Amino acid sequence: MTRWLITGSGGMLGLDLQVVLALAGVPSSDVTALERKDLDVTSLDAVRDAVRGHDVVVNCAAYTAVDEAETHEAEAFAVNAIGAANVAAACRETGARLVHISTDYVFAGDVDEPYAEDAPLAPLSAYGRSKAAGEWAVEAHCARAWIVRTAWLYGGGGPNFVKTMARLAGTHDTLSVVDDQRGQPTWTMDVARAILRLVDEGAPFGVWHATSQGETTKYGFTREIFTLLGLDPERVKPTTSDAFPLPAPRPAYSVLGHDAWRMARIARLPDWRESLALALPDVVEQG
């Protein structure tokens, strides 16, 4: 019997992972779900106490306020780097396997083809730097770890792009959405299922990209949301990132490659359109 610990369990991915484990038949008594208020990952002693007695730790704990991190980089680093190091060290000490969640923001986004799992890291933002440092910490402290990068997440359990666009559709005749940021919209349920596959199938430790198949821009993403909601997609108008200046720079191209799944012969995530069609009713209902 595998005993699971989920840190940051109150976020979208943490919530969906609990659902996926329950659907897979994992008894609730074998899953420990700790939210931020339950576990401070910046405390090594607290992390050691939490990890003890578990076989798999999924580290979803993260400082994810991308723009705020530009002026609070120390706080982001404490959670995303030092916290990751603490979790990795505790897993090494107990022999637990670690699934560490990372992000496309570790890349600069200045290429025109999908990033391979071993592509050099070059973060543009404070948030990206803190997550890159977290990856390095995990690699340094825990050999039995999967680093799972994901991107453009949406789900039922928290604020996200899909919920925002669906809400704005009800209050605006037209929406201007950036058409110069390209990535892979990814449903958190798909990522949760992918994590379970990595663990159940004994996938090689290392870096994995858990993003949907296919790619689009934020503009294309929004048009698909409108279409699935039965709304006129022509209400969505393309614009550039310059029209919406933000404190933290975003990668213009953050499409992630999936060679690790192909080489290990483990099922990849579905196409983003297929997942969006399945997820949208529940995501909007919980918006």
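Trainee: Which residues in α9 do Val162, Lys163 and Ala166 in α5 meet?
Mentor: This is a predicted model, in which local features need pLDDT of at least 70, side-chain atom pairs count only at pLDDT 80 or more, and totals for chains, interfaces and linings use all residues. Residues are numbered from 1 along each chain as its sequence is written, and side-chain values use heavy atoms, leaving out hydrogens and water. Taking contact as heavy atoms within 4.5 Å, and helices as DSSP runs (H or I, at least four residues) numbered from the N terminus, the three residues of α5 meet Leu276, Leu280, Val283 and Val284.

Trainee: Are α5 and α9 roughly parallel or roughly perpendicular to each other?
Mentor: Helix α5 (residues 161-169) packs against helix α9 (residues 272-285) at an angle of about 65 degrees, with 10 Å between their axes. Angles under 35 degrees count as roughly parallel, over 145 as roughly antiparallel, 65 to 115 as roughly perpendicular and the rest as oblique. The two helices are therefore roughly perpendicular.

Trainee: What residues of α7 make the contact with α5?
Mentor: Helix α7 (residues 218-228) and α5 pack at an angle of about 60 degrees, with their axes 10 Å apart, which makes α5 oblique to α7. On the α5 side the contact is made by Phe161, Val162, Met165 and Ala169. On the α7 side, the residues are Lys218, Phe221, Thr222, Ile225 and Phe226.

Trainee: Is His54 buried or exposed?
Mentor: His54 lies in the loop between α2 (44-51) and β3 (56-59), and its contacts, leaving aside residues up to four places away in sequence, are Arg3, Trp4, Leu5, Thr32 and Ala96. Because buried means under 20% relative accessible area, exposed over 50% and partly exposed in between, His54, at 13% relative accessibility, counts as buried.

Trainee: And which of these counts for Ala65: buried, partly exposed or exposed?
Mentor: Ala65 has its place in the loop between β3 and α3 (73-94), and its C-alpha atom is separated by 12 Å from that of Pro159, 94 residues apart along the chain. With a relative accessibility of 28%, Ala65 counts as partly exposed.

Definitions and conventions:
Axes fitted to C-alpha atoms, helices over the stretch in contact; angles between N-to-C directions. Buried < 20%, exposed > 50% of the residue type's maximum accessible area, 1.4 Å probe, protein only.
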